[in-house]
Amino acid sequence: MIRMALAVLLLFTAACSADPAPPGPTQAASAPPSGPGRFTGVLDACSLLTVEQVEQLVTLAEQKYVEAGCTWSTPSLGLKGRAIYALEVGVHLAADVTAAHSFFTKPPKSAFPAMASTELPEPHTSANVGEESFILAVPESHTTILAFRLSNAVININYGWRAPPGPQHQERAVEAAQWIAEAVDRPAPTADPSDGRFAAAPYACSLLPEGVPQSATQCGGLKVWHARAWKGKSGVTVAKEIFDYYKRRPFQRVHSLKGLGDEAFSDNQQYQVTVWVRVSNLVLKIPFNQTDGKVTPEMRAAVAEVLSRLPAH
């Protein structure tokens, strides 16, 4: 069995004294939620809202895949008298309910989208979505922030616009959260020929060879993007756009690779080499600890083993 040295990227990385008060009745602090998580596969943020739902939230929405989430924004077309909106949705899957609760109450700085606070606001207003939630208006950035937890999944939403926040914007953020919560609870999607080979994204950790360390949310650094048909584009076309976006990023050395998936390339930054592979409507990012920037035969074999573990559809 090929063993792969993937870079492990860990996402999870004061009481005041006073004079003693007279003895009185005490109330035990409630224990944090616990238990196994309901979700074991990847939750693709871009597939949690339909085109029709997005168009109700974002004018002339353009969709963009990003790590750990999805964004929709109005392009800069010089439109007058029309609101310009942006919606960011991040999905964070934890190992269990306790880990998800910790992420919800104290999101790391690396969370997407960036939260206004690295701790749960107190007091906070519940959005009445999921098992725990909060909603917060941030006037300085013209943004409403909403986060909610469903079992071991935490969904962060940033909804922004070019205007001071008003009640209607918070209502729309809640509406987006409700739609997302409904989508998360739907049965697994069936294959759609317009999407491509894969009906859903496989769980990244299930693709790892034996012996590779797995963190609660990062799966050894391996990431999977699942593309679906969008505004007349097939899922394969959208996946190609994601693949090309990462291939064209500036300030990196890119080398095309043959014989891996439908297309592949590697890039190297400092002490890490990353292999990017597209297979139909999936894009995989596979990082390695490698100091000389080269893709070795052992690394190619490890990537091939990851690809061999992809489901049939």
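1. The protein contains 5 helices and 11 strands, where helices (H or I, at least four residues) and strands (E, at least two) are DSSP runs numbered from the N terminus. This is a predicted model, in which local features need pLDDT of at least 70 and side-chain atom pairs count only at pLDDT 80 or more, while totals for chains, interfaces and linings use all residues. Residues are numbered from 1 along each chain as its sequence is written, and side-chain values use heavy atoms, with hydrogens and water left out.

2. Of the 313 residues of the protein, 48% count as buried; here buried means under 20% relative accessible area, exposed means over 50%, and partly exposed lies in between, with a 1.4 Å probe and protein chains only. The protein exposes about 16100 Å², and carbon and sulfur atoms supply 53% of that area, as computed by the Shrake-Rupley method with a 1.4 Å probe, where for residues only the protein chains shown count as cover.

3. Because 4 of its 5 residues are buried, β2 is largely enclosed by the rest of the structure. Strand β1 (residues 62-66) is joined to β2 by 5 bridges and the two run antiparallel, with Lys64 standing opposite Thr71 in β2; two strands are said to pair if DSSP finds at least two bridges between them. Strand β3 (residues 85-93) is also joined to β2 by 5 bridges, again antiparallel, and here Ser73 has Ala86 in β3 as its bridge partner.

4. Strand β11 (282-289) is mostly covered, with 7 of its 8 residues buried. Strands β10 and β11 pair in the antiparallel sense over 8 bridges, and Val277 has Leu284 in β11 as its bridge partner. These strands, β10 and β11, form a hairpin with 2 residues between them, and Ser280 in the turn has a positive phi of about 55 degrees.

5. Which residues of helix α4 are buried? They are Gly235, Val238, Ala239, Ile242, Phe243 and Tyr246. Seen down the axis of α4, these buried residues fall within an arc of 140 degrees, so they line one face of the helix; the arc is that of the directions from the helix axis to the C-beta atoms. An α-helix has 3.6 residues a turn, so residues three or four places apart point the same way. The cover over the buried residues of α4 includes β1, β7, β9, β10 and β11, where contact means heavy atoms within 4.5 Å.

6. The length of α4 can also be checked. At 1.5 Å a residue, its 13 residues should span 18 Å, and the end C-alpha atoms are 18 Å apart, which agrees; the expected span is 1.5 Å times one less than the number of residues. For helix α3 (residues 167-184), the 18 residues should span 26 Å at 1.5 Å a residue, and its end C-alpha atoms are 26 Å apart, which agrees as well.

7. The aromatic rings deserve a point of their own. Rings of Phe, Tyr and Trp (its six-membered ring) pair if their centres lie within 6.5 Å, and planes under 30 degrees apart count as stacked, over 60 as edge-to-face and the rest as tilted. By this rule the count comes to 8 aromatic pairs. In one of them, Phe243 and Phe265 are edge-to-face, at 5.1 Å centre to centre with 75 degrees between the planes. This pair links distant parts of the chain, since Phe243 is in helix α4 (residues 235-247) and Phe265 is in strand β9 (residues 263-269), 22 residues apart. Phe243 counts as buried at 1% relative accessibility, and Phe265 counts as buried at 0%. Ring pairs also link Trp225, Phe243, Tyr245, Tyr246, Phe265 and Trp276 into a cluster.

8. Ala127 lies in the loop between α2 and β4 and is buried, with a relative accessible area of 6%. Leaving aside neighbours within four places in sequence, Ala127 is in contact with Ser133, Phe134, Ile135, Leu146 and Val174. Asn128 lies in the loop between α2 (97-105) and β4 (132-138), but Asn128 counts as exposed at 69% relative accessibility, and its phi is near 55 degrees, a positive value in a residue other than glycine.
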